[in-house]
Amino acid sequence: MTAFLGNILGNLLKFVYDIIATIGAEPENFSFYAMAIIVTTILFKLLLLPLSIKQAKATQKMGELQPKLQEIQNKYKKDPQTQQIKMSELYKEHNYNPASGCLMLIVQMPIILAFFRVMREPVIFAFKDPGMYEAMNKSFLWISNLENPDPMLWGLPLLAAATTYLQSLTMQPPTTEGSNPQMESTQKTMNIFLPIMIFISARTFPAGLALYWVISNGFGVVQQLLIRSLTKVEVKEGN
């Protein structure tokens with residue numbers, strides 16, 4: 001599946017690169033390849049936007065229902081069967097499918113993994129001619145070759161970690177009275193642990209892959225903030 005999707009997304013990267021390569025002289029320290037990665041990443045995020053909106057709405061709705069769910073769990077903790085019935089009634093009353101957020105993520109994951117694979121192996125999925133790929137300028141600012149890891153410790157790896165942290169903050173549901181303290185504690189731990197892992201990994205990734213990660217996260221943060229604003233407007237209009 002990832003190989004099939006990888007070929008499609010790889011063709012998109014090559015298509016974008018071919019268009020950019022016609023704009024004129026290539027800047028010495030900002031290659032057409034780097035531009036193609038940035039533009040393709042943004043296009044890729046736009047393609048997933050409808051799914052992202054649905055997932056964000058599901059996450060926000062779950063955050064709104066969390067206090068009531070906590071109340072039901074505490075009230076019927078000795079009666080699991082009644083607890084499940086009451087929770088199902090609550091979901092039905094608010095027209096919410098508890099699996100909706102997970103389903104959106106399941107749909108997105110193969111596509112995200114495929115694009116990750118394209119960024120890791122561009123010569124296989126995008127630029128079929130190894131000679132052409134080797135001859136391409138792959139510079140990006142301080143990086144002479146995006147095929148190699150970023151030589152600066154505090155460059156793209158740090159940006160990848162920072163944008164991962166920011167995106168995790170924007171994706172979590174807002175804290176409400178009655179929220180589950182254990183879930184909040186787990187979320188806070190993940191918000192710290194994941195960026196650290198990304199930072200360590202990005203130091204060994206090809207810099208092109210780290211660049212994709214930074215742009216993807218940065219776009220995701222802006223996207224999530226806009227979705228939250230639009231969702232709040234919808235709620236106010238509904239009231």
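1. Aromatic pairs. A search of the whole structure turns up eleven aromatic pairs. Rings of Phe, Tyr and Trp (its six-membered ring) pair if their centres lie within 6.5 Å; planes under 30 degrees apart count as stacked, over 60 as edge-to-face and the rest as tilted. This is a predicted model, where local features need pLDDT of at least 70, side-chain atom pairs count only at pLDDT 80 or more, and totals for chains, interfaces and linings use all residues. Residues are numbered from 1 along each chain as its sequence is written, and side-chain values use heavy atoms, with hydrogens and water left out.

2. Tyr17 and Phe127. The ring centres of Tyr17 and Phe127 are 5.3 Å apart and the planes stand at 90 degrees, so this pair is edge-to-face. Tyr17 belongs to helix H1, while Phe127 sits in the loop between helix H6 (122-125) and helix H7 (130-135), so the pair ties together parts 110 residues apart in sequence. Helices here are DSSP runs (H or I, at least four residues), numbered from the N terminus. Tyr17 and Phe127 are both buried. Buried means under 20% relative accessible area, exposed over 50%, partly exposed in between (1.4 Å probe, protein chains only).

3. Around Phe127. Tyr17, Tyr33, Phe127 and Tyr133 make up one aromatic cluster. Setting aside neighbours within four places in sequence, Phe127 is in contact with Leu13, Lys14, Tyr17, Tyr33, Pro122, Met132, Tyr133 and Met136. Contact means heavy atoms within 4.5 Å. The charged end of Lys138 sits over the ring of Tyr133, 4.4 Å from its centre. For this, NZ of Lys or CZ of Arg must be within 6 Å of the ring centre and within 35 degrees of the ring normal.

4. The cores. The largest nonpolar core has 39 residues; Tyr33, Met119, Phe127, Phe140, Leu146, Leu156 and Leu211 have the most contacts inside it. The largest share, eight residues, comes from H2. A second, separate core of nine residues includes Leu65, Leu69, Ile72 and Tyr76. A nonpolar core is a set of buried Ala, Val, Leu, Ile, Met, Phe, Trp, Tyr and Cys residues joined through side-chain atoms within 4.5 Å.

5. Helix H3. Where does H3 kink? The kink, of about 45 degrees, lies at Gln66, shortly before the proline Pro67. The bend at a residue is the angle between axes fitted to the seven residues ending there and the seven starting there. Buried residues of H3 include Leu65, Gln66, Leu69 and Ile72.

Definitions and conventions
Helix = DSSP H or I, 4+ residues; strand = E, 2+ residues; numbered from the N terminus.
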